[in-house]
Amino acid sequence: MNTKVRSFPNGFLWGGAIAANQVEGAWNIDGKGISTADIAMNKKNLSRGDYKKHNSVSEEQIKETLESDSSKDYPKRRGIDFYHRYKDDVSIMGDLGIKALRFSIAWTRIFPNGDENHPNELGLKFYDDLIEELIKNNIEPIVTLSHYEMPMYLVNNYGGWTSRDVVTFFENFAKCVFERYKNKVKYWITFNEIDSIVRHPFTSGGIVPERFNNIEQAVYDGLHHQFIASALAVKHCKEIMPDAKIGCMLTSLLTYPHTCNPEDVLAAHWSNQFNYFFTDVQVRGAYPKYIERYFNEKNIIIKKLNGDDELLSKYTVDFISFSYYNSFVTSADSEGLEKVSGNTMGGIKNPYLPMSDWGWQIDPIGLRIALNNLYTRYQKPLFIVENGLGAEDIVSPDGTIDDEYRIQYLKSHIEQMHEAVLDGVELMGYTLWGIIDLISYSSSEMEKRYGLIYVDQDNDGNGSLERKLKKSFFWYKNLIKLNALT
Ligand code: BG6
């Protein structure tokens, strides 16, 4: 039996993570505007792993959705009713002992259309209360400014993030919440998985592909604007709260070569380098040369304004946060090779790795590699702000939920995280994804559960919404108490 005790540094931020659009519900009350997440369809019937369909949007769908007031078909509209139940939920999290909760602020609660001059007080009031409650429960708030949502008004009237005007609207939003929470929130994250705009331009950038002749150009316009908006957020954060820490957020997409054929190794190298492109800009402060070559070859032109280069180089981030769920395999020629998929991208099947119920390849050692790679490249503090297992959980007749598989998943990843700390990686914390069951980002399903706290609701929104504690809850509670994996 392995009885090794793996202790973590003092002050390590053990926590949980959620996003406004996946938990809050209350999509059309207290002045909230309609966001891109409110039009995400229930895709429970799509085959698992069909990540392309999960992430698509069409003009027709937008029209249909805006005319509907259903929250059965659009589950993010109902979430898990965190908007009304946050007090009880935070109290359960307090009992769990988490030191930090990563959550996002819905832009549409504060600026319903996005371009208003004055914020919606009722929206701010919700976050005032939530933050107050967290502090009361000794939970550090970690706020993401943008997690997969933006006002639909900006999508329809400005073209989403392709418009430079949106940078100014976002800047106003960021300044507004910085001023409001400057004495309460020390940790901020700008854009969730900023790299994801290239994979799903609508959910990350409010870009409807059908509306653009050259979608790739539109995506990189949107991305440049997000880079600038992120740099401006860093600037204002530093001016308003000199002691706060603000980070970027990346999807870790660690990729292995299918074989040791140099062609495959080069393909994997490119995938990894492309994954670092985003942090290269946000941490090192400039577009790297390799991406300029890529843009030249594809005739993509980044429309920089005077002062953009300076903003990028001056306002780099304090820490790098990232999500890690799985690793990938690529090859120079993948024809005929068996494929697998995650939520927003796929690759070749890795025969050495097991898979989740949703076909995601589980690779704890990959987390150690990802941590080492990021730290070697940047020497900046790292923060794992998403990691977890989406699975179908069964409630036994006696009401208990034995999710031993989730404990094993978390344990194996935390073990490797500890190895990385021993390797010398500076790690601030770990906020596991979906601390409480929530609506899936990609398919808007409910029954793909990540939580340690169960929520009684099915894919169609039936259920009492009652919260129950899973076996993993007690396991994580003990780990946090000991600040060690035993
Ligand atoms: C991350 C997102 O990519 O993956 C989360 O930041 C998301 O919002 C998580 O929920 C898991 O993906 P999914 O599609 O299973 O919910």
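How many residues does helix α6 have, and how far does α6 reach from its first C-alpha to its last?

I noted the ground rules. This is a predicted model, where local features need pLDDT of at least 70, side-chain atom pairs count only at pLDDT 80 or more, and totals for chains, interfaces and linings use all residues. Residues are numbered from 1 along each chain as its sequence is written, and side-chain values use heavy atoms, with hydrogens and water left out.

Entry on α6. I found 16 residues (121-136) and a reach of 22 Å, close to the 22 Å expected at 1.5 Å a residue (the expected span is 1.5 Å times one less than the number of residues). Helices here are DSSP runs of H or I, at least four residues, and strands are runs of E, at least two, numbered from the N terminus. I listed its buried residues, including Gly123, Phe126, Asp128 and Leu134 (buried is under 20% relative accessible area, exposed over 50%, partly exposed in between, with a 1.4 Å probe and protein chains only). They pack against several elements, among them α4 (82-96), β4 (140-146) and α8 (165-181). After α6 I came to asparagine 138, whose phi is positive, near 60°.

Entry on lysine 477. I found lysine 477 in helix α16 (471-482), partly exposed at 29% relative accessible area. Lysine 477 sits 380 residues from glycine 97 in sequence, yet their C-alphas are 6.1 Å apart. Leaving aside neighbours within four places in sequence, lysine 477 is in contact (heavy atoms within 4.5 Å) with Asp95 and Leu96.
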